[in-house]
Amino acid sequence: MQRSRKKYIRILISVGICLLIGLLAAFATQSSVDTWYPGLAKPTFTPPNSWFGPVWTILYILMGVAAGLVWARGFHHIWVQTALYHFGIQLLLNGTWSLVFFGLRQPAWALAVIAGLVLVLVLTIRCFRVVSKTAAWLLVPYLAWVLFATLLNLRIVQLN
């Protein structure tokens, strides 16, 4: 019973951290989303702005659950430490991308950041898989979205 409770607390903390990062990124990007971003030439496959909030919310929840499942295995294990280290780096890159793309309005530099994010995210999934296959699978939709965002970012750089 105690172990199960500890697991759910770690999942809730992890989800909270991920949602907090998403909230901070949203605050940092809001003014550009309303002013600068609409003026950019974008590819035809650009989703409506109304999709981004719900999609990112779901992805941050999945990320948090995944991290919580890994953390619940015990932080004393080297693979858990390694997996969570990679997770933290990719979460930092995730927030950095928003700041660079929207805050600094630098799509080309943001492309470099998101390329790094993809690499670290793949490493994170590999590390998560060693600890929890479920946790690794929970990050796959996030990887798919980040790959899509990378393509979108690339096309925006090319068109502008």
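Here is a walk through the helices of this model, its nonpolar core and a few residues worth a look.

Keep in mind that the model is predicted.

**The core**

Let's start in the middle. The largest nonpolar core has 43 residues, and the members that touch the most other members are Met63, Val70, Phe87, Phe101, Phe128, Leu139 and Tyr142. At least two residues of this core come from each of α1, α2, α3, α4, α5 (133-138) and α6. The biggest giver is α4, which puts in 10 residues.

Val70 is a handy way into that core. Beyond its neighbours up to four places away in sequence, Val70 touches Val80, Ala83, Leu84, Phe128, Val131 and Ala135. Phe128 turns up again among the core members with the most contacts to other members.

**Helices α2 and α6**

In α2 they are Leu59, Tyr60, Met63, Gly64, Ala66, Ala67, Gly68, Leu69 and Val70. The cover over them includes α1, α3, α4, α5 and α6. As for length, α2 has 23 residues and reaches 33 Å from its first C-alpha to its last, close to the 33 Å expected at 1.5 Å a residue.

Over in α6, the buried residues are Tyr142, Leu143, Trp145, Val146, Ala149, Thr150, Leu152, Asn153 and Ile156. They pack against α2 (49-71), α3 (78-103) and α4 (107-131). The 20 residues of α6 should span 28 Å at 1.5 Å a residue, and the C-alpha atoms at its ends are 29 Å apart, so the two figures agree.

Is Asn153 buried or exposed? With a relative accessible area of 1%, Asn153 counts as buried, because the cut-off for that is under 20%. Setting aside residues up to four places away in sequence, Asn153 touches Trp97, Phe101, Pro107, Ala110, Leu111 and Ile114. Of these, Phe101 is also one of the core residues that touch the most other members.

| Pair | Apart in sequence | C-alpha to C-alpha |
|---|---|---|
| Leu93 and Gly116 | 23 residues | 7.5 Å |
| Val33 and Phe102 | 69 residues | 7.2 Å |
| Ala136 and Ala110 | 26 residues | 25 Å |

Leu93 sits in helix α3. Apart from neighbours within four places in sequence, Leu93 is in contact with Val113, Gly116, Leu117 and Val120.

Val33 belongs to helix α1. Its relative accessibility is 22%, so Val33 counts as partly exposed. What does Val33 touch, not counting residues up to four places away in sequence? The partners are Pro38, Asn49 and Phe102.

Ala136 is part of helix α5. At 5% relative accessibility, Ala136 counts as buried. Leaving out neighbours within four places in sequence, Ala136 is in contact with Ile125, Phe128 and Arg129. The C-alpha of Ala110, on the other hand, is separated from that of Ala136 by 25 Å.

Now for the surface. Leu20, Leu23, Leu24 and Phe27 make a nonpolar patch of about 430 Å². Leu20 is found in helix α1 (residues 2-34). With 47% relative accessibility, Leu20 counts as partly exposed.

Last stop: Arg105, in the loop between α3 and α4. Phi of Arg105 is near 60°, a positive value in a residue other than glycine. Arg105 counts as partly exposed, at 35% relative accessibility.

Methods
Residues numbered from 1 in each chain as written. Predicted model: local features only at pLDDT ≥ 70, side-chain atom pairs only at ≥ 80, totals over all residues. Heavy atoms only, no water. Patch = residues over 30% accessible without salt bridge, like charges linked within 9 Å, V, L, I, M, F, W, Y side chains within 5 Å. Areas by Shrake-Rupley, 256 points an atom, 1.4 Å probe, with all protein chains shown as cover. Salt bridge = Lys/Arg side-chain N within 4 Å of Asp/Glu carboxyl O. Helix = DSSP H or I, 4+ residues; strand = E, 2+ residues; numbered from the N terminus. Buried < 20%, exposed > 50% of the residue type's maximum accessible area, 1.4 Å probe, protein only. Contact = heavy atoms within 4.5 Å. Expected span 1.5 Å × (residues − 1). Core = buried A, V, L, I, M, F, W, Y, C linked by side-chain atoms within 4.5 Å.
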